[in-house]
Amino acid sequence: MTSATTAHSVVEPSATTRRFAGSLVVLYAIITMIPLVWIMLTAFKSPDDAISYPPKVMFKPSLEGFCNLFTTRSRQTPEFIRSLGPPQGLCDSIARSRNMVVAGPSNYVPRFVNSLIIAFGSTVLAVALGTLSAYGFSRFRVPLKDDLLFFILSTRMMPPIAVAIPIYLMYRTVGLSDTRLGMILLYTSVNVSLAVWLLKGFIDEIPREYEEAAMIDGYTRFQAFVKVVLPQATTGIAATAIFCLIFAWNEYAFAVLLTSGNAQTAPPFIPIIIGEGGQDWPAVAAGTTLFLVPIVVFTVLLRKHLLRGITFGAVRK
Amino acid sequence: MAQIKIEALDKSFGSFHAVKSASFTVEHGQFLCLLGPSGCGKTTTLRMIAGLELPTAGTIRLDGEDVTMNRASARDIALVFQLFALYPHMNVRRNIGFPLKCEGIGAAERDRRVVEAACILRISHLLDRSVSGLAGGDRQRVALGRAIVRKPKCFLMDEPLGALDTEMREAMIHELRALHDRLGATTVYVTHDQLEAMAMADRIAVMNNGVVEQVASPRDIYDRPASLFVADFIGSPPMNLLPFRGGLQTGAQAIRLGERDVAIPAAREAMAESELVLGVRPEHVRFTDRGMVRGEVYGTEYLGTTQIVTVTTHYGALKARSPSSRSFRTGETVGLDFRPDTLSIFDKASGRAIRTALHEGGARG
């Protein structure tokens, strides 16, 4: 109100600018959240509510989606259902109200476990390999260093799926098709180039003097690496791990192509949950909602590092 | 503590020859400064002593034992870095105790020695602080603590005061020297600051372009520079260098500078007619009307008790130190004279000082 007479900083944004920028960010956040919120709402709808038109925002919540996600059911005659004892738990009673009985567990849990093993396994492997080679590139006089680094980067220059057919044939020959190991190796090889480049930047920022000091203090280079470099690279390692994990966790195309019965991950499994007479949308939505949880948990656990890690080069004092 | 003996040490990085056949000895308990401009190879030399670089040729002996190719961790040497290299993820206590942990010393003994080192450096009250919040001088002390806690054979320091402000630096110069005397440690100290070197060192090794130009006491370095580079590098302002052409007989007591004879310390070697350089410190230039060099006052720099008078002469600008009580007018014509027993003569081609009576006997009074 007294802007004409109040001295204000030239570099600091004014209150109006700040408010405007803030509302833009909030607006953008809301827009990006809508599909997510819709999926979560759908997970708690009944199949009829899920496909009703116009779409229902207010509805009576139901756990049928989750029940259908975790179970397989079979249709029975009402006489048969009446001949059974009292329903076994919530899902059974929901199924019986639709003239069905729970026949057994679905494949969702094993697929989810596959996803966990493959995504975390490949992340650990990619970050471990990436950290070691980034350290090597950062600290040693590697012959053809620049060419090697460019080669590593060049593996990212085409969409990975472009080599799907050769990989499919290769995997079939060596027996890696539809194995967790095969998927871990595949995702690791895609992620490791990203990891090397990201981590090299972070490790370059850590002054060499730290390791040199440790080596003079009597430690070997490897001990110095573990005790001095790694603790200071945690920010970079956390950021890299999240990038790698998100890729491996969400990857769909290779998972469809290379896995079926044994090592199938959740992404190809979720969309093929078939209900009676069409897609079982609440079950799909429930599967998706649960699928988000590990990434959210992992990101929240590492958020302190992530925020500094994404604004690169924040390691220096 | 230990003696460090460097023999014909050479280091090349690809085509860049960083250190050329450096040789010197640091005796038990001596404080040696490696002094030179940036890029002269002093830090590389220090890093080779520390074991962080391996020499291309030459040997390094610690107490007679050849350690040239030993790993840094196997040398029992402590190094203080310019930027201190304190581990930011550890507090002061753990930083100082870090070298002991490596030796597998138990927690109780470790803590006792950390506290002892902290006492010596007067940082006991900081032990549980994080290193990131410390002031420059305290960081320096923590870095020193990490060095002394292990009681190593010798200390190496790579411009440890470079990152401190002037005031802190003055204080740390005295503190470092006192610490050195108290521990009786052998110390090699790298600096580009001649004042630091002069103030602290028992001996100074002046390096330039990878070559050790002179190893001597601060007084000898100043009064009897072994080469043109040392003469020009040491002293503020540096030695005046007057080029002339002439030859010298052994025993000659004067040189011919322009039209006049200039008395010099008696020559102890003969020199054929060639390009020579006469070196004279500003404080050895006297103003006298009968002076052998005449010139015009160009300007004065007031330094408190003395002043530096720049005089333009036939031989270029000469700087003279004069008591500040005397006043000079710019443009005034003055006569200059040199104190004969302090003059140095250099061979211009090789840069080497020619031996004269100046190099004999002990320190000049």
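This is a predicted model: local features need pLDDT of at least 70, side-chain atom pairs count only at pLDDT 80 or more; totals for chains, interfaces and linings use all residues.
In chain A, 74% of the contacts with a separation of 6 or more are accounted for by residues 24 or more positions apart.

Chain A comprises 15 helices and four strands. Its radius of gyration is 26 Å, well over the 20 Å given by the globule rule for 317 residues, so chain A is more spread out than a compact globule. Along the principal axes, the C-alpha atoms of chain A fill a box of roughly 85 × 75 × 40 Å. Of the 317 residues in chain A, 34% are buried.

Chain B contains eight helices and 20 strands. The C-alpha trace of chain B spans about 75 × 45 × 40 Å along its principal axes. Among the 365 residues of chain B, 41% count as buried. Of the contacts in chain B with a separation of 6 or more, 64% join residues 24 or more positions apart.

An unreviewed UniProt entry lists residues 4–234 of chain B as "domain: ABC transporter".

An open sheet in chain B is formed by six strands in the order β6-β7-β8-β3-β9-β10, with mixed pairing. Its edge strands, each pairing on one side only, are β6 (77–80) and β10 (211–216) of chain B. From one strand to the next, the twist averages 15°. In general, the strands of a sheet pair through backbone hydrogen bonds, in either a parallel or an antiparallel arrangement. Strand β9 (residues 203–208) of chain B pairs with β10(B) in the antiparallel sense, over five bridges. Ala205(B) stands opposite Val215(B), the latter lying in β10(B).

The contact between the two chains takes 15 residues from chain A and 18 residues from chain B. On the side of chain A that touches chain B, α10 (209–216) and α11 (221–250) of chain A each supply at least two residues. The most is given by α10(A), with six residues. By residue class, the side of chain A that touches chain B divides into eight nonpolar, three polar and four charged residues.

How values were computed: Residues are numbered from 1 along each chain as its sequence is written. Chains are lettered from A and ligands numbered from 1 in the order in which they are written. A residue is buried if 20 or more other C-beta atoms lie within 10 Å of its own, exposed if 12 or fewer, and partly exposed in between; C-beta atoms are placed from the backbone. Two residues are in contact if their C-beta atoms, placed from the backbone, lie within 7 Å. Ala, Val, Leu, Ile, Met, Phe, Trp, Tyr, Cys and Pro count as nonpolar, Asp, Glu, Lys and Arg as charged, and the others, Gly among them, as polar. UniProt positions are given in the numbering used here, feature names are shortened, and annotations may be inferred rather than shown by experiment. The radius of gyration is taken over C-alpha atoms; the globule rule is 2.2 Å times the number of residues to the power 0.38. Two strands pair if DSSP finds at least two bridges between them. Axes are lines fitted to C-alpha atoms, for helices over the stretch in contact, and angles run from 0 to 180 degrees between N-to-C directions.
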